[in-house]
Amino acid sequence: MSATGMTPYTHKLPVRCHRDAADEMLPLLRDGIAAGDVAIDGGEVTQLGQAMLQLLFSARKTAANQGVGFAITASDAMRAALASAGAEHLLDESMVR
């Protein structure tokens, strides 16, 4: 539950998070952040591309600027990709505001 008492918008990432997946996710995240807290489920991700990484960075920053909660759960492969990119901080799995 979000701080507002509503269930956060949840989006499950595909197994392969490439550019097309990021393009599809952009409007969904935009709408989700506008509606309130966002939870990203990356539990099945095996590949994380640069476009999706940039989108997650941007979405987290946008959510923080708007006072909206944003959390990501990740598979081991997604964790490894984020670590190699120096982006482990995206994985604070609590609703970060």
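Author: This is a predicted model. Start with H11, which is found in strand β1.

Reader: Why is H11 called buried?

Author: Buried means under 20% relative accessible area. H11 has 16% relative accessibility, so it counts as buried.

Reader: What is H11 in contact with, leaving aside its neighbours within four places in sequence?

Author: Its partners are M25, L28, A39, I40 and D41. A contact needs heavy atoms within 4.5 Å.

Reader: Where in α1 does a kink lie?

Author: The kink lies at M25 and comes to about 35°.

Reader: Which residues of α1 are buried?

Author: M25 is one of them.

Reader: How does the reach of α1 compare with what is expected at 1.5 Å a residue?

Author: α1 has 17 residues, and 24 Å is expected. From first C-alpha to last it reaches 25 Å, which is close. G36 follows α1 and has a positive phi, near 145°.

Reader: How do you know that the span of α2 agrees with its number of residues?

Author: The expected span is 1.5 Å times one less than the number of residues. Helix α2 covers residues 50-65, which makes 16 residues, so it should span 22 Å. Its end C-alpha atoms are 23 Å apart, and therefore the two values agree.

Reader: Which residues of α2 are buried, and what do they pack against?

Author: The buried ones are A51, M52, L53, L55, L56, A59, R60 and A63. They pack against the helices α1 and α3. They also pack against the strands β2, β3, β4 and β5. Just after α2 comes G67, with a positive phi of about 70°.

Reader: What pattern does the protein follow along the sequence?

Author: It reads β-β-α-β-β-α-β-α. That makes three helices and five strands.

Reader: How much of the protein is buried?

Author: Buried residues are 39% of the 97 residues. The accessible surface is about 5,300 Å², and carbon and sulfur atoms hold 52% of it.

Reader: Among contacts between residues at least 6 apart in sequence, what share joins residues at least 24 apart?

Author: The share is 74%.

Conventions. Residues are numbered from 1 along each chain as its sequence is written. This is a predicted model: local features need pLDDT of at least 70, side-chain atom pairs count only at pLDDT 80 or more; totals for chains, interfaces and linings use all residues. Side-chain values use heavy atoms; hydrogens and water are left out. Helices (H or I, at least four residues) and strands (E, at least two) are DSSP runs, numbered from the N terminus. Buried means under 20% relative accessible area, exposed over 50%, partly exposed in between (1.4 Å probe, protein chains only). Accessible areas come from the Shrake-Rupley method with a 1.4 Å probe; for residues, only the protein chains shown count as cover. The bend at a residue is the angle between axes fitted to the seven residues ending there and the seven starting there.
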